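Please look over the sequence and the model that follow.

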Amino acid sequence: MYAQQVKSTGKGVKSLDEMDPQERAFQERINAGVKIEAKDWMPEGYRKTLIRQIGQHAHSEIVGQLPEGNWITRAPSLERKAILIAKVQDEAGHGLYLYCAAETLGISRDEMTEQLLSGKAKYSSIFNYPTLTWADIGAIGWLVDGAAIMNQVPLQKCSYGPYSRAMIRICKEESFHQRQGFDIMMRLCEGTQAQKDMAQDALNRWWWPALMMFGPSDKDSVHSAQSFAWNIKQDSNDELRQKFVDQTVPQAKYLGLTVPDPDLKWNESNDNYDFGEPDWSEFFAVISGNGPCNKERLAARNKAWDDGAWFREGLEAYAVKQDALQDAAE
């Protein structure tokens, strides 16, 4: 999940009888499956929850370019380079779609950017891990984008129209990202022993961070309960994590790789895999800014912002000049 630990109102979910008439009409529209649009009335908690979630999602797409962009010049072939460039470009586009969706809720892109650059806003913990080998690019596509798809497909049914519609294109492109990652891993596993060892090492390092992407169990969370009621969220973190494991373990077996979980085993009675618990202390450390690459990622985004100042200033000067010419013509 690219938006982790999103807080809503911090209060329990109200029943229809407890709501005022405006809130009740809003909730009844959601219960009927009607999309909420930007100009519709909405509770302040709904608006703020969406801003946090869409903002975190957008920041994750933008920061997520960095681990893979690091390998564009070192891709093993021209074809792989072209594919990786296209993928990184897609991630930038996803960030822009999502910033646009968030702007419909009354927050500016500059505000969101300032929150990211200052460290106030969170982004997915997964992007604070280093990409040490080419196999990591395969593991990111296969595991990270695979986990993202698991969460994002339900978001196409989100109650907020602009977010829901943005996710339709994003999910189509993420499916390409997942396939290209799996293809890299498959080619490595068909290669030399050193290449297969590289693929196994990447799986060992990315498996647990990928499971953490869904966030801690939210079955007892007030925030999740409200997001469910507003139809921002359709599945629990644990349900999505289970679905991801059940889908991914057979793929690892097909590749001839071993999932690094000694507790992993097939449960005949439940018709799914039992698996171990991620190290949540690591998750909370990384999400709080103490991961392997947190400082590096924020430094890179701040440098990009500072380096682009001349271009933003030029655009503003051009806009002022055009307005002056328009006024003179009138």
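Asp 271 is exposed, because its relative accessibility is 57% and the cut-off for exposed is over 50%. In this predicted model, Asp 271 sits in the loop that links β1 (265–267) to β2 (272–274). Its backbone also deserves a look: although Asp 271 is not a glycine, its phi is positive, at about 60 degrees.

Asn 231 has a positive phi as well, about 60 degrees, and is likewise not a glycine. This residue belongs to the loop between α9 and α10. Is Asn 231 buried, exposed or partly exposed? Its relative accessibility is 22%, so Asn 231 counts as partly exposed; the cut-off for buried is under 20%.

The loop between α9 and α10 also holds Ser 236. With a relative accessible area of 13%, Ser 236 is buried. Leaving out residues up to four places away in sequence, Ser 236 touches Asp 218 and Phe 228.

Another loop, between α11 (280–290) and α12 (294–307), contains Pro 292. Pro 292 is exposed, because its relative accessibility is 54%. Which residues does Pro 292 contact, apart from its neighbours within four places in sequence? They are Asn 128, Tyr 129, Pro 130 and Val 286. Gly 161 lies 131 residues from Pro 292 along the chain, and 36 Å separates their C-alpha atoms.

Next come the packed helices. Two helices packed together are described by the distance between their axes and the angle between those axes. For helix α6 (residues 134–155) and helix α10 (residues 237–255), the axes come within 10 Å and cross at roughly 145 degrees. The crossing of α6 and α10 is right-handed. On the α6 side, the contact is made by Trp 142, Leu 143, Gly 146, Ala 147, Met 150 and Asn 151. On the α10 side, the residues are Leu 240, Lys 243, Phe 244, Gln 247, Thr 248, Gln 251, Ala 252 and Leu 255. Sorted by class, the residues in this contact of α6 with α10 are eight nonpolar, five polar and one charged.

Asn 151, one of the α6 residues in that contact, is buried, because its relative accessibility is 9%. Between the C-alpha atoms of Asn 151 and Gln 65 the distance is 19 Å, and the two residues are 86 apart in sequence.

Now the whole chain. The protein chain has 13 helices and two strands. Its radius of gyration is 22 Å, close to the 20 Å that the globule rule gives for 330 residues, so the chain is as compact as a globular protein of that length. Along the principal axes, the C-alpha atoms fill a box of roughly 70 × 55 × 35 Å. Of the 330 residues, 48% are buried. Among contacts between residues at least 6 apart in sequence, 78% join residues at least 24 apart.

How confident is the predictor, and where is its confidence lowest? The mean pLDDT of the protein chain is 93, and 97% of the residues score at least 70. Confidence is lowest in helix α9 (residues 222–229), with a mean of 82, and highest in helix α8 (residues 193–212), at 98.

Conventions:
Residues numbered from 1 in each chain as written. Predicted model: local features only at pLDDT ≥ 70, side-chain atom pairs only at ≥ 80, totals over all residues. Heavy atoms only, no water. Helix = DSSP H or I, 4+ residues; strand = E, 2+ residues; numbered from the N terminus. Buried < 20%, exposed > 50% of the residue type's maximum accessible area, 1.4 Å probe, protein only. Contact = heavy atoms within 4.5 Å. pLDDT = per-residue confidence, 0-100. Axes fitted to C-alpha atoms, helices over the stretch in contact; angles between N-to-C directions. Left-handed = near helix turned anticlockwise from the far one by under 90°. Nonpolar A, V, L, I, M, F, W, Y, C, P; charged D, E, K, R; others polar. Rg over C-alpha atoms; globule rule 2.2 N^0.38 Å.
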